[in-house]
Amino acid sequence: MNMLDIQHVTKRYGKVTANRDISFAVEPGQIAILMGPNGAGKSTIIKCIAGLLRFDGQITIGGYPNKSTDAKRLLGYVPEMPALYEALTVSEHLEFVRRAWGTPDDPAYRDRLLERFALYEKRSALAGELSKGMQQKLSVVCALIHRPKLVIFDEPMVGLDPYAIKEIKLLFRELKEEGAAVLISTHMIDSVEDYWDVVHIMNRGEFAATRRNRPDETHEQTLEELFFSITGEGGTEEGHDA
């Protein structure tokens with residue numbers, strides 16, 4: 001069974017169609033990439049999956065409707081801009097998320113996450129006192145603390161230092177090896193390197209091309225060449241969201 005299944009999703013903002021008839025799936029142990037220029041509709045479909053927007057169509061996570069509690073327990077979501085509680089400490093954020101989803105307490109796992117993203121020494125600091133980069137790292141840790149089966153990253157490299165970027169890329173591979181489904185939205189071609197299984201190139205709210213990373217397949221165009229042939233070197237500014 002697919003961990004994420006999206007069927008004929010359309011999202012409109014008034015007369016503007018941000019997503020038009022989007023269908024795709026992400027399997028357990030698979031890394032899928034949504035790639036496109038700013039305004040292509042990537043963040044809109046991500047927010048639809050996360051249950052933050054109304055839409056036409058159907059989205060399921062682990063077979064459950066995406067807005068159900070059962071589905072959300074399976075989901076870890078890292079938004080492009082961290083959405084934190086300024087008056088909670090780093091540790092309180094993790095405890096809040098853990099309790100919200102009824103996940104057993106695992107101090108060793110929690111501390112490993114904090115140390116990995118250089119947050120252990122900041123565990124008593126308020127989120128509002130953290131730098132933007134630290135807030136992004138906390139957002140990642142919050143998304144992982146309940147051991148989700150589907151993890152979604154929306155432009156995850158933005159605002160991170162080189163060390164954190166290296167850890168994020170390593171994390172992608174680890175999640176894949178552990179059997180989690182991973183969906184990454186990005187407009188940075190060089191950030192996806194060679195760890196992806198499937199790339200969906202979006203433009204003007206639609207899927208313009210899909211490429212799978214298979215050793216037995218050869219292509220006339222590189223992924224970068226395919227991307228620019230579809231979007232144009234300057235990309236597109238049309239659409240409501242990125």
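Which residues do ring pairs link into a cluster? I looked, and Phe 153, Phe 172 and Tyr 195 are the ones linked.

**Ground rules.** I'm working on a predicted model, where local features need pLDDT of at least 70, side-chain atom pairs count only at pLDDT 80 or more, and totals for chains, interfaces and linings use all residues. Residues are numbered from 1 along each chain as its sequence is written, and side-chain values use heavy atoms, leaving out hydrogens and water.

**Overall.** I began with the secondary structure, which comes to seven helices and ten strands. Helices (H or I, at least four residues) and strands (E, at least two) are DSSP runs, numbered from the N terminus. Next I checked the radius of gyration, taken over C-alpha atoms; the globule rule is 2.2 Å times the number of residues to the power 0.38. For 242 residues a compact globule would come out near 18 Å, and the protein has 18 Å, so the two agree. The C-alpha atoms fill a box of roughly 50 × 35 × 35 Å along the principal axes.

I then looked at burial: buried means under 20% relative accessible area, exposed over 50%, and partly exposed in between (1.4 Å probe, protein chains only). Of the 242 residues, 50% count as buried. For contacts (heavy atoms within 4.5 Å), I took those with a separation of 6 or more, and residues 24 or more positions apart account for 68% of them.

**The sheet.** I traced an open sheet of six strands in the order β6-β7-β8-β3-β9-β10, with mixed pairing. Two strands pair if DSSP finds at least two bridges between them.

**Strand β3.** Five bridges join β3 (residues 31–35) to β8 (residues 181–186), and the two run parallel. Leu 34 stands opposite Ser 185 in β8. β3 is also joined to β9 by four bridges, again running parallel, with Ala 32 opposite Val 198. Is β3 mostly covered or uncovered? It is mostly covered, with five of its five residues buried. Ile 31, Ile 33 and Met 35 lie on one side, Ala 32 and Leu 34 on the other, and all are buried.

Helix α6 (residues 162–177) lies across β3, β7 and β8, running at about 160 degrees to β7.

**Aromatic pairs.** I found five of them in the structure. Rings of Phe, Tyr and Trp (its six-membered ring) pair if their centres lie within 6.5 Å; planes under 30 degrees apart count as stacked, over 60 as edge-to-face and the rest as tilted. Tyr 85 lies in the loop between β6 and α3 and Phe 96 in helix α3, so the pair ties together parts that are eleven residues apart in sequence. Tyr 85 is partly exposed at 46%, and Phe 96 is partly exposed at 44%.

Phe 227 and Phe 228 have ring centres 5.2 Å apart and planes at 75 degrees, so I logged that pair as edge-to-face. Phe 227 is buried at 5%, whereas Phe 228 is partly exposed at 33%.

**Charges and rings.** A charge sits over a ring if NZ of Lys or CZ of Arg is within 6 Å of the ring centre and within 35 degrees of the ring normal. I found the charged end of Lys 11 over the ring of Tyr 13, 5.0 Å from its centre. The charged end of Arg 147 sits over the ring of Tyr 109, 3.7 Å from the centre.

**Arg 98.** I looked this residue up last, in helix α3. Arg 98 is buried, with a relative accessible area of 15%. Leaving aside neighbours within four places in sequence, Arg 98 is in contact with Thr 103, Pro 104, Asp 105 and Ile 145.

Notes:
Axes fitted to C-alpha atoms, helices over the stretch in contact; angles between N-to-C directions.
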